[in-house]
Amino acid sequence: AVVFSACGSGGVRVLVGERSDKRGQWQFAQGGLDEGEAPSSAAARELYEEMGLRPPAVEFIGELPETTPYDVPPGTWLEKAGYCGQEMHWSVFEYKGDVDDVDASVDLSGLGGEKREFEAVRWTTFDELVPTMVGFKRPVYERLASLVEPVIAGRAAGRDGNV
């Protein structure tokens with residue numbers, strides 16, 4: 001789930017969480033699809049479970065029409081855990097709260113019976129985020145940036161900007 005804001009002192013930014021199990025690694029809220037669940041519904045559910053965000057704090061803008069797949073490199077902890085890769089579906093949400101006090105809107109405790117995913121959240125840009133991603137996920141986030149930035153720019157300029 002890509003949460004963005006075009007307000008506040010920092011211009012257009014996206015909201016990322018610092019992983020509880022891998023401190024120093026920041027990513028978007030994400031997770032698997034439940035049986036029969038639509039990708040946009042899963043994104044909204046994961047956003048709530050991992051960050052405690054739901055309307056009216058966020059507004060669903062749309063689901064990106066393209067997915068971003070990746071393969072897990074051999075020898076990584078992910079492969080050892082039985083993962084071979086993922087096909088990422090992305091939904092876009094606009095943050096409607098006070099961007100300078102996002103901590104007042106989030107709940108990182110792990111909601112809906114899920115374990116805590118994140119220790120902290122922060123606003124950043126794709127230009128700052130992409131170089132920090134683990135190597136095999138970097139192309140996923142580069143492609144994601146090229147898909148979502150026009151949507152965000154349209155919303156920031158006051159145009160429809162829906163996906």
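In this predicted model, helix H4 has a set of buried residues: Val140, Tyr141, Leu144, Ala145, Leu147, Val148, Val151, Ile152, Gly154 and Arg155. An α-helix has 3.6 residues a turn, so residues three or four places apart point the same way. Helix H4 runs over residues 138-156. At 1.5 Å a residue, its 19 residues should span 27 Å. The C-alpha atoms at its ends lie 25 Å apart, which agrees. The helix is bent, however. A bend of about 35° falls at Val148, and Pro150 follows within four residues. Just after H4 comes Gly158, with a positive phi of about 85°.

H4 also contributes to the largest nonpolar core. This core holds 26 residues. Those that touch the most other members are Phe28, Leu64, Trp90, Phe126, Tyr141, Leu144 and Val148. Two or more residues of the core come from each of strand S1 (2-5), strand S2 (13-19), helix H3 (126-129) and H4. The largest share is that of H4, with eight residues.

Strand S3 (26-27), helix H1 (39-51), helix H2 (77-80) and strand S6 (85-88) each give two or more residues to the lining. H1 gives the most, seven residues.

Pro55 and Pro56 are joined by a cis peptide bond, with omega at about 10°. Val58 belongs to strand S4. Its relative accessibility is 3%, and buried means under 20%, so Val58 counts as buried. Val58 can also be placed relative to Val92. The two are 34 residues apart in sequence, and their C-alpha atoms are 9.7 Å apart in space.

Key. Residues numbered from 1 in each chain as written. Predicted model: local features only at pLDDT ≥ 70, side-chain atom pairs only at ≥ 80, totals over all residues. Heavy atoms only, no water. Expected span 1.5 Å × (residues − 1). Bend = angle between axes of the 7 residues up to and from the residue. Buried < 20%, exposed > 50% of the residue type's maximum accessible area, 1.4 Å probe, protein only. Core = buried A, V, L, I, M, F, W, Y, C linked by side-chain atoms within 4.5 Å.
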